[in-house]
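Please look over the sequence and the model shown here before reading on. The report that comes after is meant for a reader new to this structure.

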Amino acid sequence: MPASARPSRWRRRVRGPFTSEWRTLPARARRRWSERARWTRRRRVLTAGAVVLALLVLPVLGAALALRLCYTGDPAADARTRGRDAIWLGHAWVDGRRTDADLAVLAGRVRGTGIHDLYVHTGPLEHDGSLDPKRSPGVADFLARARAAMPGVRIQSWLGDVVAPEKVGVHLDRPEVRDRIAASAQQVLDLGFDGVHFDLEPVHNGSPGFLALLDQVHALTAARHAPLSIAAPQIEPVPMVGRVSFALTGHGKWWSAGYFAQAAKRVDQVAVMSYDTSMPVESLYGGYVARQTSLALANTPAGVDLLMGLPAYWDDTPTHRGDAETVRAAVRGARLALGPGARQNFGLALYVDFAATPDHWAAYRDGWCV
């Protein structure tokens, strides 16, 4: 065969092991070709893995950097208490377990701070929306003693329950359940509370039943010149992340900014539960609170009081790292988001009295009330 008609070495190697030419190659050449082919496949796999890892890691790193930047700088000098703060109080205050000595301690801690509202746990509601008065036999006595010990402080009844369909609880889409919840609100106002505070969880983003309940109860409280307030979930930090998270987990962790605004305009006061965030370190948690505060400020009507929750409790779970979610970081994050000349009907709310330590109170006082 003429030389011009014979396949070149390069062509023989490229045509691979399934040709007769492959068998004519020396054993060493065949081994070299196989090694290169294996390395090429390995390189493709490694490259693909690196791309996937980058797609997963880079957004997380970018989000972490953004939160860290939110926690930098110095708060505005006037980012201090406006006298609109609050604290959630446990059920022991209305079932007879708390004594006069306990009340004296609470009054001493509240004195000199900006706390204006007490959310006193009076429920829980029954799953049908009703409220059993036997759960809180000491309401009248507590209200009288608390008003004497803390004059000028407003005392709201904290009513709540878990919410269907995610939990076995109240069905807010059912009119008869909303009617009974409204009757429960009327019941606590008749007992002497100054207002009604709902903590219903988890209310899924977009729930029409919850908005209908707020409309119904707000008409009732407005007629009694009493405030209606709610404990609200966090606002999704990035649009659509709440929908994606719900699709993956079935848990309604966040509200969209639009739904938050719809709920906020139906009440007199909204307290954002800005804890249980899964943030791993204090600086990221503080940045997250700053971000949540900015979002809440942008989506709360001017005439509605806005409060950001403070984690005055300890836990160490995947959703709440006790050494990361601190009162100190939450206070500083909220102050950083306020900026100079920010709205005056703004406050912080401590959750919760029976878990709050002297260090929690000191962090609130020193960071916000001085």
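## Basis of the report

This is a predicted model, in which local features need pLDDT of at least 70 and side-chain atom pairs count only at pLDDT 80 or more, whereas totals for chains, interfaces and linings use all residues. Residues are numbered from 1 along each chain as its sequence is written, and side-chain values use heavy atoms, with hydrogens and water left out.

## The chain as a whole

Twelve helices and twelve strands are found in the chain; both are DSSP runs numbered from the N terminus, with helices (H or I) having at least four residues and strands (E) at least two. The chain has 370 residues, and 48% of them are buried, where buried means under 20% relative accessible area, exposed means over 50%, and partly exposed lies in between (1.4 Å probe, protein chains only).

Of the contacts in the chain between residues at least 6 apart in sequence, 79% join residues at least 24 apart, a contact being defined as heavy atoms within 4.5 Å.

## The largest pocket

The largest pocket holds about 630 Å³ of space. It is lined by 27 residues, and the closest to its centre are Glu 201, His 251, Met 273, Tyr 275 and Asp 276. Strand S3 (154–162) and strand S4 (195–201) are the elements that give two or more residues to this lining. Sorted by class, the lining has 15 nonpolar, six polar and six charged residues; here Ala, Val, Leu, Ile, Met, Phe, Trp, Tyr, Cys and Pro count as nonpolar, Asp, Glu, Lys and Arg as charged, and the others, Gly among them, as polar.

The search runs on a 1 Å grid over the protein atoms alone, and a pocket is an open set of points with protein on both sides within 12 Å along at least five of seven lines, while lining residues have an atom within 4 Å of a point. Grid points are joined across faces, edges and corners, and the volume is the space filled by probe spheres set on the points.

## Cysteines

The structure holds zero disulfides, a disulfide being a pair of cysteine sulfur atoms within 2.5 Å. Two cysteines may be set side by side: Cys 70 counts as partly exposed because its relative accessibility is 31%, whereas Cys 369, at 19%, counts as buried.

## Two buried residues in helices

Leu 213 lies in helix H7 (residues 208–223) and is buried, with a relative accessible area of 0%. Its contacts, leaving aside neighbours within four places in sequence, are with Leu 172, Arg 178, Ile 181, Phe 198 and Leu 200. Between Leu 213 and Arg 174 there are 9.9 Å in space, C-alpha to C-alpha, and the two are 39 residues apart in sequence.

Tyr 364, which lies in helix H12, counts as buried at 0% relative accessibility. Not counting residues up to four places away in sequence, Tyr 364 touches several residues, among them Asp 85, Thr 113, Gly 114, Leu 310 and Cys 369. Tyr 364 and Gly 114 are 250 residues apart in sequence, yet 9.9 Å apart in space, C-alpha to C-alpha.

## Loops and backbone details

The loop between strand S8 (269–272) and helix H10 (282–299) is the place of Thr 277, which is buried with a relative accessible area of 5%. Leaving aside neighbours within four places in sequence, Thr 277 is in contact with Gln 234, Lys 253, Tyr 285, Tyr 288, Thr 319 and Glu 325. Ser 278 lies in the loop between S8 and H10 as well; its phi is near 70°, a positive value in a residue other than glycine, and at 37% relative accessibility Ser 278 counts as partly exposed.

His 225, in the loop between H7 and strand S5 (228–232), has a positive phi of about 55° although it is not a glycine, and it is exposed, with a relative accessible area of 75%. A cis peptide bond with omega of about 10° joins Ala 164 and Pro 165, and Pro 165 is found in the loop between S3 and helix H6 (175–191). A cis peptide bond also joins Tyr 351 and Val 352, with omega of about 10°; Val 352 is in the loop between strand S12 (346–351) and helix H12 (358–369).

Notes
1 Å grid on protein atoms, 1.4 Å probe; cavity = no way out; pocket = protein on both sides within 12 Å on 5 of 7 lines; lining within 4 Å.
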